Each structure stands twice: as structure tokens, then as C-alpha cells.
Amino acid sequence: MAVLRRVPFTIGVAALILGLAIATGTLWSPLESKDWFADVAYGPQALADHRWWTFATGALFALAPWQYPVVIGFFVLLSGLAEWRLGTKVAAVCVVLGQLVGVVGGCALVLLLAETGWGWAVRISDDLDLGFSAGGMCAAMIASAGLRRRWRGRVRLALVGYTLTSLTFLGFLYDVEHLVAVVVGLAAGPWVVGRRPTPLRTVLQATFTRRDLRLIAAGFFWWSAALTLIAQVVDREGPFGQIGGDPESWWWVLVQVAADLVVAQGLVRGRRTWWWVAAVITALSVVLVLVSAGFVLAGELDNSGLLWLSLVLDGLGLVVLLWGRRAFRNPGRRGLRKAGPQSIGALATDAHRARARALLADHGSGNRLAWMTTWPQNSWWFGPEDGAVAYRLTSGVAIGLCDPIAGERHPHEVADAFVAAARDGGTTPCLFSASPVLADWARERGWLAVQVAEEAIVDLAGLEFRGKKWQDVRSAFNQAEKQGIEVRLHRLAEAPRSIRVQVAAICDEWVHDKKLPEMGFTLGGLEEAKDPDVWIAIAVDQDMTVHGVTSWMPIHGTNGQVEGWTLDLMRRLPGGFRYAMELLIAGSCQIFRDDGYALVSLSGAPLAHARGGDEDERGVVDTMLDRLGEVLEPYYGFRSLQAFKAKFQPRYEPLYLLVEDEAVLPLAGVAIGRAYLADATLGQLLSLTVKG
């Protein structure tokens, strides 16, 4: 119902078209067979004969019954987009005027071209047409002017690409009408939405990302494969002349298609080698087509529409490859083996990890969770002047973890360099568990900043567990005192053997209790707790029985000094002291406070529903994360953990997932899910999918 309220004009017109189809019987009987067909259909001759009413009546019908789902669906999609973005009144005006301009302008253009004797134009000048598609395409093109920059380019590319493709291969009257409508919508869009038109040079430089350029370049080879197949089965004379009608051996056709698809795949991944292959093939093709065109003009070869079409496509493809060459810098696996840590995908070594730890200890980070970037499962990218980013490379996505270590540079500069390196490596960049400072960097560049968690922070200065709000914590202290349980800090590797054995047993039992493997990525386990720079806090009784354990990672300030500690591992002995976690966290806070530290971070509970942010950054993403959190709650208890941390009266700061735009979100979501559940079996993942 919410959708109906947002697009009443679109739904109303669609209902009117369907109602007229039922009332006139054209829903099951072709309109072309009706005596009154010429009285309602528009076309060049209707324009020449001054049958002006047809430009209104023709918009509400389709030529054949099978076309109604296509006509209505196409209209709902395009007009609905315009109405959703522009509002009902503005969209209705744009659709109606766009239909009128597109149809009348298209028919007038065909009449003018027919006067030149162009056979194709003469042939379609007698055609009649029906449908509201021109108005929908014009309105959608206008609405695209109000979209985010990258989506603006993609929507326009899709509409223009469809229009030119259909005009090239089919060349019907409605293709000319669509072309006029799209051009008018492109010109009018900025003025309707109140945005100044962008110069063409700026559009070409800023609209498309490297990923877009790779897809466009690969698209020419996908299109070449499709063209080869279509030419086998199509036999039609379009604006460029005859298309198809002379089929080749299917074996040879399949070889050509396979070659095009292989080159396209290399271009999608940004491979430098495949760019050279594509550029050479395209350049040779242009030369061969030009030679063939010379023979055609000399009368030694028959004219072929496919020849001229190939010349246009190959020429455009070569321009795109040369213009977008900066997007193809991925050296491939062999190149990465030789490359240093300045390349995304280079082999991570112990030396890289040691360098990252040293940089973090010397310069700190703007993110209190940054110590997790030193874990051995990560890889590290190092930029100039000691800038560094820890990342995971999963499913073709380079997931930067936390904020960059900036060294002497600004974090924004390091983030820019990391993103450029990820694109050069043929991967899709994103940043996860990023701070609000880095979220501002993302928004400045037109990226999406999606809040995925909230970090709970406890300031230690003057911390006293007094008052009603601390009742649960005081109860933990009181019960612990009665049972002789106290909190102790150890370096796990230096702890007594009995302590190490019990901690390992508690962690093992916790893992075996789950139906899914222990999660990783931003959630550390026993191995991470063995780090010599990490404290573990244990709750032990007088018999030296360990009732619970937590681990605390250092927070380094910009001066290199440790200014606080971040909570990571939390495990409790089954059947042990009920208030073990409250005691461990509160007791650790007291110890850290007395040692002069400024704060502790209780980390963020992923998928715990505590998210905010602008409405434009929520919606579908929020729903997806909420649903995933519901599915995983019985296994990992993230939402229960979030509620538990509230007992310590923390202040909250958001943590973000930063992605280039909405199109990257599904890919980034899959990659992050795989990073968290890297050890999950196929059966376990399928079980989660069914539950979700």
C-alpha cells in the first residue's frame, strides 16, 4: 500500500490501459485486426494527415495481446521511477509532455528522413504505433538528473544503450520515438530537478568509477558475443542495412563467442594483460572493417549492415579502452607475487605483520578497535610515508579493516591511496568497522556510509559504581566477595599452566556448544588472546577455578602511548559464577582506572540492531542486517551482548561499512559474511540460508 501511495499516477495509468484493453477486447484480440485501428494509432502519416487525437488515444493501447504485459511493465518501471523521485504532479507532467514530444518529434523526424530517399526511413514512414513508452523513458531520464552521481550515469547509460541497441538491430518507429524522448529528457532533466547542467568533460571524468569503466569495456565484448549470435538468427534490414540472413557454421560462431567472453572476463577483473589483448584485437578489427568498407564503397563487396555496425561498435570500444586505460592496472597473480605490499593481493608475511604492529604502536589510529588489524589472518597494504591498511581479500572484495594507520599523513589521504590500490588490483574496495571520521571521508567522495554497529565506550576518569544504575555491577561484586572470587590480569602466555589449561577448556566448550564454527574477522578467539601485548582478565575462586575470561587489546594514542583497552574475548564457565562477565568487565575497569588509563572500549556487537544514521543510508540495508542478526542470534547472541553492555552505562559511537555505492552492497555483504564465517561448511551455510 505504501508503494501505491507513492506512485498513484503510474498505477492509475496502468489500470486505465488494462481497463481499456478489457473493454475493447484488445486484451485477447489484436488491435490491428480492428476496423478502428487507424483511428487510434499514431504515426508519421497520422501526423501528416493532422490526426492529432491519435497521439493521445494511441498511448493507451498495445498492438497485440502479448504486448500488454510488456507495455504496462515498461511504463510502470520507468514512470514509477520518475514519480518516486519527482513527485506525482511533476512526474505526470513529464510523462505526458515527454510522450507528446517523443512521439510527435519521432514521427516528424521519420518524415524528414524519408524525404532524403533513405530506404529504411521510407519503409517505416507508413508504420503505425501504440503505447506510452516514450513518455516513461523521457520522465525516467529527467528523474535520473536527481540521482546520486554514479547512479545518474548508470541509469542514463542503460536507457541510451537500450535505445541505440534496439534502433540499430530493429529500427522500428518506436525506436526513433524513444531516441527523441531520451534526448529531450537528458537535456531537460537538470532544469526540472533544479540542478545546473554538468559540463560533458566533468561528466566523463567523474561519473564512472574504475569498476564502471571495466564493465563498459567488457560490455563491448559481451555485446560482440551477442551480436555474433543474433546475426545467426536475425534477418532484418535496419538503419545500417541488412543484419543477419547469412548464417555461419555454429562451431565457428561458438569459438568467436567464447573468445569474446574470455576477453570480457579479463577486462572485468582489470587485468593489464587483457587490456592489451582487447586493445590490439579491437584496433585490428577497426582496420579490417575500414578496409572492407573501402571495398564496399568501391562496389567490389555487397553492402552489409553488420559491417557498418561493427565499425561503429569497434570504434567506440577502442575509444573506451584508451580513455579508461587507467582502470586496467591489475598485474595478475604472477605480477602480485613479484609486487611488494603496495599492491592489493600481495602475499602477506610475518615481516608485514611486524611492520603493521610497529606502525600502530608508534602512530596509533583513529579507531579504538585497531589492534585487531594486527591479527595474522589479515593482509596489509602499505602506502608511502608509513601509511597502512589491514584488509581481507574475499570474493573479489578488498575489505579494509578499521581506519588507516596514517603515520605522518592525513587518514583521508591513506584511505584514498588504499582505494586506488584496490581498484588497480582488480578488486572492489570497501572499509568495515570504520569510525565517524572515516565516514565523513566517504560521504565527501559520494560513498555510502552504512552504520553496522555501535561501539560502547566507558570513560574511566572518576568512574565509581554508585547509584541505582549500577545495581547489577554492585551485585556482581557482592556475590563475588561472598564466594571468594576475584579478578586477576595475566599475559596468557605467562600465566600458570593450570590457568592456561582452564581457559583453553572454557573456550573449546563454548565453540563445541555452537552449531556453527567460531566467528572470526573482527571477533578474536583464544589464539588472538595469546598476543603478548594483550591482557586477559580471569575470575578465579580460592580453589583457582577459572569461572570466566575476557581479553583486552591495547588502544594506542597518536603519541604511541597506550591510553586504554578494548574488550575482545568473553567466555564463561558453564555452570560457573553467574555474574562472571559483570565482575570481569567492572573489575578490569577498576584496575585500568587505577593504573591511569583513560577509557575502555567494550567493542561493537555486529548485527545487534543498534543502528542509526540518515534515512538515505538505511532502508533495504537495515532490513537485511536486521534479518541476518535474527538468524544468527541463537548461535552467537549479539543482541543479548549489546543489551548486556548497556549495564556499564557507556557512551556510544557508530561503526560503519563504507562502500562506493548501492550496487556494491550485495557484493560487500557476501564478502564480509564469508570473512566472519570462513570456516563454515557448505551445509552450515545452506542451513543459515534456509533460516534467513
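Q: Where does S433 sit?
A: S433 is in strand β6, residues 428–434. Helices (H or I, at least four residues) and strands (E, at least two) are DSSP runs, numbered from the N terminus. This is a predicted model, where local features need pLDDT of at least 70, side-chain atom pairs count only at pLDDT 80 or more, and totals for chains, interfaces and linings use all residues. Residues are numbered from 1 along each chain as its sequence is written, and side-chain values use heavy atoms, with hydrogens and water left out.

Q: Is S433 buried or exposed?
A: S433 counts as buried, because its relative accessibility is 5%. Buried means under 20% relative accessible area, exposed means over 50%, and partly exposed is in between (1.4 Å probe, protein chains only).

Q: What about its phi?
A: The phi of S433 is positive, about 60°, although S433 is not a glycine. Most residues other than glycine have a negative phi.

Q: And what is phi at S395?
A: Near 55°. That is a positive value too, in a residue other than glycine. S395 lies in the loop between β4 and β5. S395 is partly exposed, because its relative accessibility is 30%.

Q: Zooming out, how many helices and strands are in the protein chain?
A: There are 28 helices and 13 strands. The chain has 692 residues, and 50% of them are buried.

Q: What share of the contacts links residues 24 or more positions apart?
A: The share is 74% of the contacts with a separation of 6 or more. Contact means heavy atoms within 4.5 Å.

Q: New topic. How many cavities of 30 Å³ or more are there?
A: Two. A cavity is a set of points on a 1 Å grid over the protein atoms alone, where a 1.4 Å probe fits but cannot get out. Lining residues have an atom within 4 Å of a point. Grid points are joined across faces, edges and corners, and a volume is the space filled by probe spheres set on the points.

Q: What lines the largest cavity?
A: The lining is A356, T373, W380, A388, V389, A390, D403, P404 and I405. Strands β4 (388–394) and β5 (397–405) are the elements that give two or more residues to this lining. The space inside is about 40 Å³.

Q: How does that lining of the largest cavity split by class?
A: Seven residues are nonpolar, one is polar and one is charged. Ala, Val, Leu, Ile, Met, Phe, Trp, Tyr, Cys and Pro count as nonpolar, Asp, Glu, Lys and Arg as charged, and the others, Gly among them, as polar.

Q: And what lines the second largest cavity?
A: G366, N367, R368, S435, P436, E455, E653 and L655 do. By class, two are nonpolar, three polar and three charged. The second largest cavity holds about 30 Å³ of space.

Q: Switching to rings. How many aromatic pairs are in the whole structure?
A: The search finds 20. Rings of Phe, Tyr and Trp (its six-membered ring) pair if their centres lie within 6.5 Å; planes under 30 degrees apart count as stacked, over 60 as edge-to-face and the rest as tilted.

Q: How are W275 and W276 arranged?
A: Their ring centres are 5.1 Å apart and their planes are at 85°, so the pair is edge-to-face. W275 is buried, at 9% relative accessibility. W276 is exposed, at 53%.

Q: What about F465 and W470?
A: This pair is edge-to-face, because the planes are at 75°, with ring centres 4.9 Å apart. F465 is buried at 8%, and W470 is buried at 6%.

Q: Which residues do ring pairs link into a cluster?
A: W552, W565, F592 and Y597.

Q: Which ring does the charged end of R6 sit over?
A: The ring of W84, 3.8 Å from its centre. R491 lies over the face of W535, at 3.8 Å from the ring centre. A charge sits over a ring if NZ of Lys or CZ of Arg is within 6 Å of the ring centre and within 35 degrees of the ring normal.

Q: What does H490 touch?
A: Not counting residues up to four places away in sequence, H490 touches A495, P496, V534, W535, I536 and I538. H490 is in strand β8, residues 486–490. H490 is buried, with a relative accessible area of 19%.

Q: Last one. Where is A91?
A: In helix α7, residues 88–115. A91 is buried, at 0% relative accessible area. A91 and F9 are 82 residues apart in sequence and 8.3 Å apart in space, C-alpha to C-alpha.

Key:
On a 1 Å grid over the protein atoms alone, a cavity is a set of points where a 1.4 Å probe fits but cannot get out, and a pocket is an open set with protein on both sides within 12 Å along at least five of seven lines; lining residues have an atom within 4 Å of a point.
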